[in-house]
Every structure is written in C-alpha cells, then in structure tokens.
Amino acid sequence: MTPSAMSADAQVSAVPVRDEIARMKGYVPGEQPQAGKFIKLNTNENPYPPSSKVLAAIRQRMEQGLSKYPDPVATPFRLRAAELYGVDPNWVLCGNGSDDVLTILARTIVGPGDALAFPLPSYILYRTLAQLQGARHEEVPFANGGGLDPAPYRRIDRLKLAFLPNPNSPTGTYLSPESIESFAAELPCPLVVDEAYADFAEGNCIELVKRCPNVLVTRTLSKSYALAGLRFGFVIAQPAWIEQLMKAKDSYNCDALSIAGATAAIDDQAWLAETTAKIKATRGRLERGLADLGFRVLPSQANFVWCDRPDRDARQLYEKLKAERILVRYMEYPGWGSGLRISVGDDAQNDALLTVLKGIL
Ligand SMILES: *Cc1c(COP(=O)(O)O)cnc(C)c1O
C-alpha cells in the first residue's frame, strides 16, 4: 500500500483493516471482575438465581449431546414467545443476547454513509453499531421534560434507523407507549424500541408492533430472567421485517443449551412476576435511601437507578465504593452530564451499599 492510499485515520492500526474499524474505539462493557469478592451493581444483572426450571432444561438438553447443530431459528422459544405476546411465531427472531439482535438490525437496515439515531443519553453500544456499518451516528437530546420530539430526527440526512431504549439506560426513565406511538408516526425511519428493562416497567410497546409497521421491539433474558451468562435475546416485528433480518443473522446464532434454557425461562412467568416484584420493592428502597443521603435520583422503571450529588464528584464516589469492594457504574455523557448508575441488588446488597455510601460522604 502506498502512503497516499492510506487514510490518515488508518494509521492507528498496525494491520490492514477497514478504516471504520481502525478508527473505532470499540465498545467497552462494564467491568466483570472474575476474581475477588465484589458487590456487583454495575451491569444491571439480576441478584437472584434464575428459575430452577432453566437449569433443569439445560441439564436435560446436555444429556442429549451436542454433536448436532442447533435449531437455526430457535423454534421452541419462538413458539412460546409468540404465545406469550399474542403474535405468530414468524413475528419473532432470536439472537445470542439482544446485542446480537441489535447488530442484526443495524446490519440489515443501515448502510455506509447512512445515519443511525438514538437519544442522548442512551445505550453506548448503538454508537459502535453505527460505526461498524460505516454509518454516521446522531445523538438526539430528549425534548424539554424528557419527552420525544421527531423534528430533530426529521432533519437528519439519510436517517435509516432510530433506537430508543425504554425504560432508558442509563437514566431508568420511562416513556408511555402512547407517546412512543405518536413519535414513531412522525419518524422518517423504522424505530427499534429496546425493551431490555420492560419487565420492570409499568408498560411496553408490544401492542404497537402489531399496528405500527415501523415499530420493532427487542427484548433480552439477561436482566429480568437472570440469564446474562446464557446469552439470549429476541426481536418482535412484523413478518416482513423478520424475513429480511433472517438473512443477516449467523445461521446458528443461538446454541442448543441457550435455546433450551431460554424456552424454560420464558415458560416460567410465575418466577418472573415474583422476581421482578422483589426487585421493584428494593428499587423503591434504594431510591429513598439515596435521596435521604442527599442524592438527586431520577425516577426509575428499570432494575437500576441513576443518581448524582451536585456537591460531590461522581467519579470519586465510584472509586471510593470500588475500594470498599462495591462496583457501580460511573458514566459521563458529554453534553448531558455524569453520575452513577447503580443496579438494584437484593436487600442485603442494597443495605451494604447505602451504609458504605453514608460512610464515604
Ligand atoms: C443490557 C442491555 C442490552 C443487552 O442485553 P444482552 O441481551 O445481554 O445483549 C440491550 N440494551 C440495553 C439498553 C441494555 O441495557
């Protein structure tokens, strides 16, 4: 390669890769310490063990052996999910976690030079997905009061896709399906509502999918079903979407064990109701405890809360908590702000966090 053939940005890579990749920083997930005892409240994992039926189903599936390829479209899960949400199975596409599903969506819908939009602040992975496609990403601030305004989206050149996490991450705030429906109606592109946390919220957008052809909903079993380690997510969309998305996924993107485990999980709705109720109760205690310690806390409908104290440096609080073996997430969004995102643990973890925080302040 002659020097003139190399773009300025490509120099950051020692090997000849696409400019888009060389230029990217790469998504950095929350810390996952593999050693040492931490109270881990940084990546919104569920503090409770999954339904015992999940582990039983995985064991049973293991006994059948793993020498054959899995079902390419996770049929048993599709059937159960379709039944649960009142759609036909061809409205469901499964993935290796919802990050895989989000990747499939970006890969299918957004091309080089196109734009992908999402709110500021929201899930940082969306930026990476745009970069992988060689697309622009546009971060659109929420309207006054935290609402949705389609106007700035309508001004984005070549806008092909918008992501909207609801409840949002990192804020935990929730928008009603009614407001999302009117927003989607004014958008010039499809809208993917990322419902990673919807099981902790008072409503969801599944019904919108049935009547709005440009609304798609993604879900994950990582948070509400306590299966972050299993890797299973899915999208619900009208069949015309699923048909196209199928072409862009890996042939066997869900393995045999995760299909068995995920199917058992979604089948145990009693476990889900009981567990999300416990987490919501602890979330209330966490919100009140933080407010009593002088934090500003955003109202959350997720399994985490966003907070800050105007008179304290959030990064320092994060560092001090870490020194005490409590991991939370410090996040900063240029143009919006910074603070702590704290996952809702069980009551003992919650008490430990509040006690240590009180000592630090
Ligand atoms: C955790 C999370 C996901 C990803 O979930 P996985 O299924 O574990 O990949 C997607 N979107 C948001 C907003 C999340 O917080």
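Contact here means heavy atoms within 4.5 Å, and in that sense Thr 282 touches Tyr 48, Val 344, Gly 345, Asp 346, Asp 347 and Asn 350, leaving aside residues up to four places away in sequence. Welcome to this predicted model, in which local features need pLDDT of at least 70 and side-chain atom pairs count only at pLDDT 80 or more, while totals for chains, interfaces and linings use all residues. Residues are numbered from 1 along each chain as its sequence is written, and side-chain values use heavy atoms, with hydrogens and water left out. Helices (H or I, at least four residues) and strands (E, at least two) are DSSP runs, numbered from the N terminus.

**The seven-stranded sheet**

- Strands of a sheet pair through backbone hydrogen bonds, either parallel or antiparallel.
- Strand β6 (residues 191-194) runs parallel to β7, joined by four bridges, and Val 193 stands opposite Val 217 in β7.

**A closer look at β8**

- Which residues of strand β8 (residues 233-236) are buried? Gly 233 and Val 235 on one side are buried, and so are Phe 234 and Ile 236 on the other; buried means under 20% relative accessible area, exposed over 50%, and partly exposed in between (1.4 Å probe, protein chains only).
- Strand β2 (residues 92-95) pairs with β8 in the antiparallel sense over four bridges, with Val 92 opposite Ile 236.
- Strand β7 (residues 215-220) is joined to β8 by four bridges and runs antiparallel to it; the bridge partner of Thr 220 in β8 is Gly 233.

**The four-stranded sheet**

- An open sheet of four strands has antiparallel pairing and the order β9-β10-β13-β12.
- Its edge strands, β9 (296-297) and β12 (329-333), each pair on one side only.
- Two bridges link β9 with strand β10 (residues 304-308) in the antiparallel sense, and Cys 307 in β10 is the bridge partner of Val 297.

**Two packed helices**

- Helix α3 (residues 75-85) and helix α10 (residues 256-267) pack at an angle of about 20°, their axes 9 Å apart.
- The two helices, α3 and α10, are therefore roughly parallel to each other; angles under 35 degrees count as roughly parallel, over 145 as roughly antiparallel, 65 to 115 as roughly perpendicular and the rest as oblique.
- Pro 76, Phe 77, Arg 80, Ala 81, Leu 84 and Tyr 85 of α3 make the contact with Ile 259, Ala 262, Thr 263, Ile 266 and Asp 267 of α10.

**Thr 282**

- Thr 282 lies in helix α11 (residues 269-292) and is buried, with a relative accessible area of 0%.
- Asp 346 is 64 residues from Thr 282 in sequence and 6.8 Å from it in space, C-alpha to C-alpha.

Methods. Two strands pair if DSSP finds at least two bridges between them. Axes are lines fitted to C-alpha atoms, for helices over the stretch in contact, and angles run from 0 to 180 degrees between N-to-C directions.
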